[in-house]
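Thanks for coming. I will take one protein chain and go through it piece by piece, starting with the whole and ending with single residues.

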Amino acid sequence: MSDAGPERTLAALRGHSYDKGRGLIWQVLWVAVSTLVFTQVWCPNRLRVGILRLFGADIGSGVLIRHRVSVQWPWKLTVGNDSWVGTGAELYNIEPITLGSNVCVSQRAYLCTGSHDRRSPTFDYDNGPIVVEDGVWVCTGATILRGVTIGAHSVVGATSLVSADVPPYSLVRPPPPVVTPR
């Protein structure tokens, strides 16, 4: 074994899943309703919020969920009052995602609670919840990885990658581009 870790054997992980939180019937129903109704542009916000609640999400009042928002498992989602989730955002919540009140998750933002242990020869899961506290703005195209808490009233700039906790009232900026003249 080198510093990079052992060689991977992905076949060993097959059949060893994470806890989805609900049975197969609920999972199939969610996938069908999500695909056919929830993500569609013609589906009104009021119906989207109702569908999330029907499937077990804890959704506050005044919440705006735009079309093409992807939610892996609604029963692992909590959203506070007056929060927004923009068009094309992906909430990959195989572990819980909690959005506080007055949170804006902009277009195409990606919140991912799943990962794998790179050192594991069987590529075991290394998942963790995401908490986005009150008043946070997650700008367009930003990515927040598993196990992260974004402190209250912070801004995660467009295209930023967040892999560690962010203190309250912080500004996370993406790395500056490197331009090399020809």
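What follows is a short tour of the chain, its helices and a few of its residues.

First, the ground rules. This is a predicted model, in which local features need pLDDT of at least 70 and side-chain atom pairs count only at pLDDT 80 or more, while totals for chains, interfaces and linings use all residues. Residues are numbered from 1 along each chain as its sequence is written, and side-chain values use heavy atoms, with hydrogens and water left out.

Now the whole chain. The protein chain has two helices and 16 strands. Those are DSSP runs numbered from the N terminus, with helices being H or I of at least four residues and strands being E of at least two. The radius of gyration is 18 Å, close to the 16 Å that the globule rule gives for 182 residues, so the chain is as compact as a globular protein of that length. That radius is taken over C-alpha atoms, and the globule rule is 2.2 Å times the number of residues to the power 0.38. Along its principal axes, the C-alpha trace spans about 55 × 50 × 35 Å.

How much of the chain is buried? Buried residues make up 39% of the 182. Buried means under 20% relative accessible area, exposed means over 50%, and partly exposed is in between, using a 1.4 Å probe and protein chains only. The chain exposes about 10,200 Å², and carbon and sulfur atoms supply 56% of that. These areas come from the Shrake-Rupley method with a 1.4 Å probe; for residues, only the protein chains shown count as cover.

Next, the helices. Helix H1 covers residues 24-38, and its buried residues are Gln27, Trp30, Ser34 and Phe38. Seen down the axis of H1, these fall within an arc of 80°, so they line one face of the helix. The arc is that of the directions from the helix axis to the C-beta atoms. Turned away from the buried side of H1 is a face that carries the exposed residues Leu24, Ile25, Val28 and Leu36.

What covers the buried residues of H1? The cover includes helix H2 (45-54), strand E2 (64-65) and strand E3 (70-71). Contact here means heavy atoms within 4.5 Å.

In H2, the buried residues are Arg48, Val49, Ile51 and Leu52. Looking down the axis of H2, they fall within an arc of 160°, so they too line one face of their helix. Arg46 and Leu54 are exposed, on the face of H2 turned away from its buried side. The buried residues of H2 pack against H1, strand E1 (58-59), E2, E3 and strand E4 (77-79). After H2 comes Gly56, with a positive phi near 105°.

Arg48 also turns up in the next stop, Arg66. Arg66 sits in the loop between E2 and E3 and is partly exposed, with a relative accessible area of 37%. Leaving aside neighbours within four places in sequence, Arg66 is in contact with Arg48, Val85, Gly86 and Thr87. Val85 is 19 residues from Arg66 along the chain, and their C-alpha atoms are separated by 6.2 Å.

Where is Ser106 placed? Ser106 is in the loop between E8 and E9, and Ser106 is buried, at 8% relative accessible area. Not counting residues up to four places away in sequence, Ser106 touches Gly86, Ala89, Trp137, Val138, Cys139 and Thr140. Ser106 and Ala89 are 17 residues apart in sequence and 6.9 Å apart in space, C-alpha to C-alpha.

Cys112 lies in strand E9, residues 110-112, and counts as buried at 8% relative accessibility. Apart from neighbours within four places in sequence, Cys112 is in contact with Tyr92, Ile130, Ile144, Leu145 and Arg146.

Last, two backbone angles. Most residues other than glycine have a negative phi. Asn102 has a positive one, near 55°, and is found in the loop between strand E7 (97-99) and strand E8 (104-105). Tyr169 has a positive phi of about 60° although it is not a glycine. Tyr169 is in the loop between strand E15 (161-162) and strand E16 (171-172). Is Tyr169 buried or exposed? Tyr169 is exposed, with a relative accessible area of 64%.

That is the end of the tour.
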